[in-house]
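This briefing is meant for someone meeting the structure for the first time. It begins with the idea needed to read the charged pairs and then moves through the model by topic.

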Amino acid sequence: MRTTEQPAVPDPVLGEYAPMGAATLTDAERWPTLDDDGHARLAALRGHADAPPWVHATGDRLTAADEPALVAAEHGPTDTDWVEALIARVHADVPAYRRAQREGRSGPGSALTELPTVTRRHLVDDLASYVPVDVPLDRVLEGSSSGSTGAALRVPLHPASVAADLVLLQRLVASTGAVWEPDPERLGLANVVDQRVAFTYASAMTAFRRAAGMPAPLMARLNLGGWPDPGSRDRFLTELDPQVLSTSTLPLLRLLELDLDLHPVAVVSGATDLPASVRAAAAARWGCPVIDLYGLRETGPVAASLDGGGHVLVPRRVHVEILDASGEPVPDGARGEVVVTVDENPYLPLLRYRTGDHASLVRDARGTVLVGLEGRAPVLFRAADGTPRPSIDATQLLQGYGLAAYHLHQAADGSVHLRALPMHGLGLDPRAAADAVSRWLDRAVGLTVLTDVGELGEGKPRRFSAEV
C-alpha cells in the first residue's frame, strides 16, 4: 500500500519511499528530532512565493536512538569479517536460508561462493523469505521500484539505513575536497527530476552531520516540468541556490540548458549512465565535482566514480563479485555480471544479488573498482560479416564524440540507426559518431539528430537495442 509519507532524502539511486501501511503523519511525527527553528524554516520553504505545487509530504522518522547507527555510517565498517558473520546470521534468522540449512544445501559455515545467487525475481515472488524474522517491523519504510528492468518491486527499508545514504553522500562530497556545510540561506540539497508527473516535496535532513548548534539543512524534490510558470521555477532555483544537485542525466541536461545562476558545491548523478560529455559540461559550468553514484533500490549505493575513471566501492558493508552467464566467477579484469552482497539494511540483507549490470573488476590503490560499468545486460550488434560486437565497445567508441545522450538500434534486417543528442557548445558533428559506428560494424548507419532532451522521452533512456 502506498501512502503520502516518505523519508527525507531519496538519493539519485534509491528514489521513492513510503512507510508501509502508515497513516498520514503530523510534522512532529515525520521529524521527531527537528527543533522549532527547523520547523519554521521548513514552513517558510513550503510557503515560498515561487515554490512548486507540493504534492507529497515527507519525513525521515529518525529518533535519538538512531544516532549510533548514523555515527557508524560516518566512519564506515571496521569489521573485516562481516561477510562471514552475515552468512552465519542469515542461516539463523532469514527464512530462505533457514530452509536451505534444513535441507542441507548450505549452513552458517558455508563460503559465500557456495551460496546460490539471488535475483530480482526471487524478491518479487517471495520477498518475505528474505526478511529476517527477528527484526521489529514497526518502523519499516517502503522503497518502490518501477520495474524498468523487471517486475515492479517494493523493498522494506529502515529509517536509519535510508538516512545513512545521506551520510555517505556527505562523505563522497567531502572526499572530492568540496565543502558542504549547513547554510540557512540556501537549500541544502535539491533532488531534481524532469517528468510529466512526479512526487515533489520539501523536507529536513536531520541526519546531516554537522557541528553542534548548526541547523539541519533543508532539501526538496523538484520536478523541472512541475511549475505552472517557468519563471517561478527559475526564480525559486536561483534564490535558494541548492548546495548539492542530486539528479540523473536527462534532468541534468535540462538544468544546463536553463543556464541559471547556480553555485552547487557538488553534483551527484545516479540511476542512469552519465556520459563523459555531460559530466564535463556540468563540471565546467559550475566549477564543482560531479559524482556518478551507482546502486540499486534493493542494495543501496554500491560504488561511486569521482572522476570518470571507474566506480570505486563505497565504504560500507558492500562486497562485489563478477560472474559469467553460468554463474561462475571470472578473473579480475574480465567482464561479467555485477553480483552484490550487502549488509546495510536490517530488513533486507542480500547475499550474491544479481544486479543485471555488467563490468570488470580491478583492485588498485583506490580499492575495489568497477570498470566499464554498463547498465543491464550488454546488447550484441552484428557486423556485416556476422561477427557479434558487444555494446560496451560501442560505448567506448561513442564517448569521444560529445554526445549528451544517444540510442543505437539495429533492426532485424541488420540496418542500424543512431539517435543522437549532441552536447551544446562543443561544436562536434554527430555525423562523425554515426560514421564511426559505420566503420565499426561495416554497415551504413542512419542518423537522427535530436535538438532537445525532451525528444528522448521520460524515464531511463535506452542506449542500445537490437533485434538481430
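A salt bridge, as the term is used here, is a side-chain nitrogen of Lys or Arg that lies within 4 Å of a carboxyl oxygen of Asp or Glu. By that criterion, the side chains of Arg 89 and Asp 343 meet in a salt bridge, with 2.8 Å from N to O. The model described here is predicted, and the structure holds 25 salt bridges.

**The protein as a whole**

- The secondary structure comes to twelve helices and 21 strands, and the protein has 468 residues, of which buried residues make up 55%.
- Among the contacts with a separation of 6 or more, 65% are between residues 24 or more positions apart.
- The protein exposes about 19,100 Å², and carbon and sulfur atoms supply 53% of that area.

- Side chains of opposite charge can pair when their charged atoms come close.
- In the pair of Arg 89 and Asp 343, whose N to O distance is 2.8 Å, the two residues are 254 residues apart and link distant parts of the chain, with Arg 89 in helix α4 (residues 82-93) and Asp 343 in the loop between β13 (335-342) and β14 (350-364).
- The two partners have their own levels of cover: Arg 89 is partly exposed, with a relative accessible area of 36%, while Asp 343 is buried, with a relative accessible area of 13%.
- Asp 50 also forms a salt bridge, in this case with Arg 235, and the closest N and O atoms of that pair are 3.0 Å apart.
- Because Asp 50 lies in the loop between α2 (36-46) and α3 (67-75) and Arg 235 lies in helix α8 (residues 230-240), this pair ties together parts that are 185 residues apart in sequence.
- Asp 50 is buried at a relative accessible area of 11%, whereas Arg 235, at 43% relative accessibility, counts as partly exposed.

- Arg 233 and Asp 234 form a salt bridge in which the closest N and O atoms are 2.9 Å apart.
- Of these two residues, Arg 233 counts as buried at 12% relative accessibility, and Asp 234 counts as partly exposed at 24%.

**Around Asn 191**

- Asn 191 lies in strand β4 (residues 189-193), and this residue is buried, with a relative accessible area of 5%.
- The side chain of Asn 191 is joined to that of Arg 221 by a polar contact of 3.3 Å.
- Although Asn 191 and Leu 222 are 31 residues apart along the chain, their C-alpha atoms are separated by 6.1 Å.

**Helix α7 and the residue after it**

- Helix α7 (residues 159-175) has 17 residues, which at 1.5 Å a residue should span 24 Å, and the distance of 25 Å between its end C-alpha atoms agrees with that expectation.
- This helix is mostly covered, since 14 of the 17 residues of α7 are buried.
- Just after α7, Gly 177 takes a positive phi of about 95°.

Note on methods: Residues numbered from 1 in each chain as written. Predicted model: local features only at pLDDT ≥ 70, side-chain atom pairs only at ≥ 80, totals over all residues. Heavy atoms only, no water. Helix = DSSP H or I, 4+ residues; strand = E, 2+ residues; numbered from the N terminus. Buried < 20%, exposed > 50% of the residue type's maximum accessible area, 1.4 Å probe, protein only. Polar contact = N/O pair within 3.5 Å; in protein donor to acceptor, adjacent residues only side chain to side chain. Expected span 1.5 Å × (residues − 1). Contact = heavy atoms within 4.5 Å. Areas by Shrake-Rupley, 256 points an atom, 1.4 Å probe, with all protein chains shown as cover.
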